[in-house]
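Here are my notes on this one, starting with the charged pairs and then moving to the fold. Have a look at the model first.

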Amino acid sequence: MGFYDGLKDAAAVLKEANKIPEYREILDAMEKMLEMQKRIADLEAQNKDLLAKLETKGRLSYDRSTYWLAKEDGTTEGPFCSRCWDVEKKLVR
């Protein structure tokens with residue numbers, strides 16, 4: 001049983017016992033927990049995006065006003081717009 005399920009069960013018991021103030025506290029705790037879970041999911045998505053950009057940055061090389069991306073097989077892909085990467089962190093041909 002997870003923490004959320006435990007809170008849900010406690011809320012049901014408190015509601016049945018007509019302990020409304022305590023029931024509301026449990027509901028508030030559940031709401032805060034859901035907000036934290038959403039925040040964690042948002043941060044994980046942001047972290048994944050930043051790690052991908054960092055990995056891309058490590059594979060980029062600048063030559064003749066354009067960027068080139070080193071591929072795993074030793075070849076390069078490009079050219080990519082230097083302004084697009086420098087300003088927006090987007091690889092655009």
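1. A search of the whole structure turns up 7 salt bridges (a side-chain nitrogen of Lys or Arg within 4 Å of a carboxyl oxygen of Asp or Glu). Bear in mind that this is a predicted model, where local features need pLDDT of at least 70, side-chain atom pairs count only at pLDDT 80 or more, and totals for chains, interfaces and linings use all residues. Residues are numbered from 1 along each chain as its sequence is written, and side-chain values use heavy atoms, leaving out hydrogens and water.

2. One of the bridges joins lysine 38 to aspartate 42, with the closest N and O atoms 2.9 Å apart. The two sit 4 residues apart in helix H2, so about one helical turn separates them. Lysine 38 is exposed at 54% relative accessibility, while aspartate 42 is partly exposed at 37% (buried is under 20% relative accessible area, exposed over 50%, partly exposed in between; 1.4 Å probe, protein chains only).

3. Glutamate 88 and lysine 90 also meet, at 4.0 Å, N to O. Together with Arg83 they are linked in a salt-bridge network.

4. H2 has 40 residues and reaches 59 Å from first C-alpha to last, close to the 58 Å expected (1.5 Å times one less than its number of residues). Its buried residues are Tyr23, Ile26, Met30, Met33 and Thr56; they pack against helix H1 (3-16), S1, S2 and helix H3 (82-88) (contact means heavy atoms within 4.5 Å). Helices (H or I, at least four residues) and strands (E, at least two) are DSSP runs, numbered from the N terminus.

5. The sheet is open and antiparallel, with 3 strands in the order S1-S2-S3 (pairing takes at least two DSSP bridges). Tyrosine 67 stands opposite phenylalanine 80 in S3.
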